[in-house]
Amino acid sequence: MTPEQQQAEIRKYYEALYRAWGAQRWWPAETAFEVVVGAYLTQNTAWTNVEKALANLRSAGILSLAGIRRTKRSRLEILLRPSGYFRQKAQRLKTFVAFLDKHYRGSLQLFLSQPTEKLREQLLSLNGVGRETADSILLYAGNHPVFVVDAYTRRILERHAILPASADYEKIRRVFQLALEPTAQEQKDSPVKLPDRIESDVRGAAHAPSAMSTSKRTALVQVYNEMHGLIVGVGKLYCRKSKPNCEQCPLRPFLPPEGPVKQS
C-alpha cells in the first residue's frame, strides 16, 4: 500500500468502529495523576490487574502526588502487587514524583502545560518510560495530540496487510496521525451523529464516563483518543494473538481477500 492508501484505510476503520461501538470514554480515571499511574502500571499486565492496584491505592488514600511522595516504597510495593513487577513500578512512580518536585515544583499541571515535544523528550528520559507509556500520558493525562501505538495496533495493521508488526513506532504513529487529521476536521465541522442506543451488546472497550474521559479536548485529541480505545476493543474481543475471531469483527470487510496475514 502507498502511504495515501494506508491513511485512507485507517480512516475507514475509524468510521466503521465508531459507528459500531460509539464513544469508548478513554482513559477511565478521575484525575490526570491517576492516568499517569495507570500508564505506568499497565506495562506488561492486563488492565484488570491495574484496576486492582489502583483500588488499593485509592483505599489507602494515596492515589495522588502527595500520597505517593509520602508513602514508603516498601508499602507502595505491597499495594501495587496485583499489577505485577511491583518493585519496579513502585520505584518508577517514585522517580516520576521526584522529577516533578525537582523541575516543576511538584505540579503535574505545570508539567503537562509544556510543549508536546518537550514533554515527550522529558518523559522518555525517565527510567521505565517507553514511547507507548509517554504517549499515553501525553494524550490521556495532558490532552496533547499524540496517537498511542500499542501491540493491538501492530497486530491489526499486519493482519490487514497495511504495515508489518515490526514497523518502527514513529512510522506507525505518523501514519495514524496523518490519517486521522482529516477525520478530526470533519467531526469538528460536522460531528458524527450516533443513534441514542448502539444496537449491540458489544461496545468494544467502552468504559463508564469518568472525569478524565469526558474532559474538554480538541477534536483532534478526541479522535486519537477514540481510535486508540476502539483498537483496544478490536484487539481484546476479536484480533487476539491466538485464535482470532475474524468472522464477528467489525473490521472483517477490510481483510485481504486471502484472509488475515499470518504474523511474522
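The following is a conversation about a predicted model and its local features.

Biologist: Which limits apply to this predicted model?

Modeller: Local features need pLDDT of at least 70 and side-chain atom pairs count only at pLDDT 80 or more, while totals for chains, interfaces and linings use all residues. Residues are numbered from 1 along each chain as its sequence is written, and side-chain values use heavy atoms, with hydrogens and water left out.

Biologist: Let us begin with the backbone. Which peptide bond is cis?

Modeller: The bond from Trp26 to Trp27 is cis, its omega being near 0°. Trp27 belongs to the loop between α1 (3–21) and α2 (32–41). Helices here are DSSP runs of H or I with at least four residues, strands are runs of E with at least two, and both are numbered from the N terminus.

Biologist: Is Trp27 buried or exposed?

Modeller: Trp27 counts as buried, because its relative accessibility is 5%. Buried means under 20% relative accessible area, exposed means over 50%, and partly exposed lies in between, with a 1.4 Å probe and protein chains only.

Biologist: And which residues have a positive phi without being glycine?

Modeller: Tyr85 has a phi of about 45°, and Lys243 has one near 55°. Most residues other than glycine have a negative phi, and most peptide bonds are trans.

Biologist: Where are Tyr85 and Lys243 found?

Modeller: Tyr85 is in the loop between α5 (73–80) and α6 (86–103), and is partly exposed at a relative accessible area of 49%. Lys243 lies in the segment after α12 (219–237), and counts as exposed at 73% relative accessibility.

Biologist: Turning to aromatics, how many pairs does the structure hold?

Modeller: The structure holds 14 aromatic pairs. Rings of Phe, Tyr and Trp (its six-membered ring) pair if their centres lie within 6.5 Å; planes under 30 degrees apart count as stacked, over 60 as edge-to-face and the rest as tilted.

Biologist: What is the geometry of the rings of Trp27 and Trp47?

Modeller: The centres of the Trp27 and Trp47 rings are 5.4 Å apart and their planes are at 80°, so the pair is edge-to-face. Trp27 lies in the loop between α1 and α2 and Trp47 in helix α3 (residues 47–59), so this pair ties together parts that are 20 residues apart in sequence.

Biologist: Which residues form an aromatic cluster?

Modeller: One cluster is formed by Tyr40, Phe96, Phe99, Tyr104 and Phe111.

Biologist: Now α5. Which of its residues are buried?

Modeller: Leu76, Glu77, Leu79 and Leu80 are buried in α5. They cover an arc of only 165° around the axis, which puts them on the same side of α5. The arc is that of the directions from the helix axis to the C-beta atoms.

Biologist: What covers the buried residues of α5?

Modeller: The cover includes α2, α3, α4 (65–70) and α6. Contact means heavy atoms within 4.5 Å.

Biologist: What does Asn49 contact outside its sequence neighbours?

Modeller: Leaving aside neighbours within four places in sequence, Asn49 is in contact with Pro82 and Ser83. The C-alpha atoms of Asn49 and Ser83 are separated by 5.0 Å, although the two residues are 34 residues apart along the chain. Asn49 lies in helix α3 and counts as partly exposed at 23% relative accessibility.

Biologist: How many cavities are there of 30 Å³ or more?

Modeller: A search of the whole structure finds two. On a 1 Å grid over the protein atoms alone, a cavity is a set of points where a 1.4 Å probe fits but cannot get out; a pocket is an open set with protein on both sides within 12 Å along at least five of seven lines, and lining residues have an atom within 4 Å of a point. Grid points are joined across faces, edges and corners, and a volume is the space filled by probe spheres set on the points.

Biologist: Which element gives the most to the lining of the second largest cavity?

Modeller: That element is α10, with three residues.

Biologist: And what is the volume of the largest pocket?

Modeller: The largest pocket has a volume of about 780 Å³. Of its 25 lining residues, Thr42, Thr45, Trp47, Glu132 and Tyr152 are the closest to its centre.
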